[in-house]
Amino acid sequence: MEIKNLKRCGERILRAIKEGERIVLYGDTDLDGVCSVIVLKETIEAAGGSVAAVYFPDREKEGHGLTEKGLRYLAKFSPALLVIMDLGITSFSETKIARSLGFEVIIIDHHEIIDKLPEAEIIVNPYQEGDEYDFKDLATVGLVFKLSKIILGEKMKGSLKKKLVELVGLATIADMVSPVRENKEFIEEGKEAMRESQRPGIRAFLEAEEIKNLPNLDEKISRLISALNIREEENHLTVSYLLLTSLSFEEGREIVKKILAKYKKRKQIIEKIIKAVEERICEKDPIIFAGSSDFDFTLVSLAASRICQKYKKPTFIYKKWEDEAGGSVRTPEGIDGISLMKKCSSFLLRFGGHSQAAGFRIKNENLEKFKECLIRNFSKHQN
Ligand SMILES: [Mn+2]
């Protein structure tokens, strides 16, 4: 059994290449999203096509997911085939907007489906009805790599394959999907390829002063993943995208310098968020729910992960803006954050993600009610 719609998706992209249709790639800003976009872009190029534009939303200004702002910016490329990766499966109204702007929409996303599917032309998602592929835990980059094999056929071999597999391995590790079956192969092949990386940016990172003396490749890679976990973007491209696609060692080295400096600063800011949250934790509270207008939105997910690991409680950390707040959710094993939020979704503008790692957007006036609803439902579920 194959992944539902994957072949159709590959054929559609091949047709677009052959007929010279414009192709636009839109991805999430985390490493899975970024690597998925690069793998597909390089695949399309190796197949003789080209990509008209690549876009990553600004998490801080636009929020997570397919955004109306992003679509309005991209409208100048329409009509085009818009391929959305590692997000979009809950972007119902935005998919409609994309279509109304003249895009044909393809969504490749491994996030959980919430009640229905967006009205895209083609959807690849292992959780959709009728998907009989027996391994559900691929990262988006794994789905995209399998798509690349369909697009490239015989051409998927040798140094091209190795170059792509570096990113497939990297993002599979970064997305923390279970390291078994195909994921295990991706991770092993990816690491092997990274030893003699064809990507100047990865080489520049591994050879940087602070990195080269780390005891082994695993630690170097895990440092690379943490350092690239910067969700900031410039001109709609993320720093990780710029590093992983940089064409020269010198260019890579310049980016690495910036990334490592930011990495240090970021660690301090995360500690600050954690401390601020810890000051407000009440031992008897069944969940941790805290936010502030001072928090850096791009870092609340990392803080939430650490807090959840330490306290073993469902953790909701949010950044407050003027009218709305955006938050990150991390839950201990066995507790599904998505189904918990589903029960309180009437207070939310939107939500989505994975059972253990999710996000939400809410009007500030509903924060307290949302929190009470979560506590009520969570306590019920515990008893
Ligand atoms: Mn992902």
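**Exercise 1. Find the handedness of the crossing of α6 and α7, then describe how the two helices pack.**

Step 1. The crossing of α6 and α7 is left-handed, meaning that the near helix is turned anticlockwise from the far one by less than a right angle (clockwise would be right-handed). Keep in mind that this is a predicted model, in which local features need pLDDT of at least 70, side-chain atom pairs count only at pLDDT 80 or more, and totals for chains, interfaces and linings use all residues. Residue numbers start from 1 along each chain as its sequence is written.

Step 2. Helix α6 spans residues 140-152 and helix α7 residues 158-174; their axes come within 9 Å and cross at roughly 155°. Axes here are lines fitted to C-alpha atoms, for helices over the stretch in contact, with angles from 0 to 180 degrees between N-to-C directions. Helices (H or I, at least four residues) and strands (E, at least two) are DSSP runs numbered from the N terminus.

Step 3. α6 and α7 are therefore roughly antiparallel. The classes are: under 35 degrees roughly parallel, over 145 roughly antiparallel, 65 to 115 roughly perpendicular, and the rest oblique.

Step 4. On α6, V141, G142, F145 and S148 meet L164, L167, V168, A171 and T172 of α7; contact requires C-beta atoms, placed from the backbone, to lie within 7 Å.

**Exercise 2. Now describe how α1 packs against α6.**

Step 1. The axes of α1 (residues 6-18) and α6 come within 9 Å, crossing at roughly 50°.

Step 2. The pair α1 and α6 is therefore oblique, and the crossing is right-handed.

Step 3. From α1, the contact uses L6, K7, C9, G10, I13 and L14; from α6, K146, L147, I150 and I151.

**Exercise 3. Work out the strand order of the open sheet and identify its edges.**

Step 1. The 5 strands are ordered β8-β9-β10-β12-β11, with mixed pairing; two strands pair if DSSP finds at least two bridges between them.

Step 2. β8 (288-292) and β11 (348-353) each have a single partner strand, so one side of each lacks a neighbour in the sheet.

Step 3. β11 and β12 (residues 357-363) run antiparallel and are joined by 5 bridges. One to look for pairs R350 with R361 in β12.

Step 4. Helix α14 (residues 300-311) packs on the sheet, touching β8, β9 (315-320) and β10 (324-330), and its direction makes about 155° with that of β9.

Definitions and conventions:
Contact = placed C-beta atoms within 7 Å.
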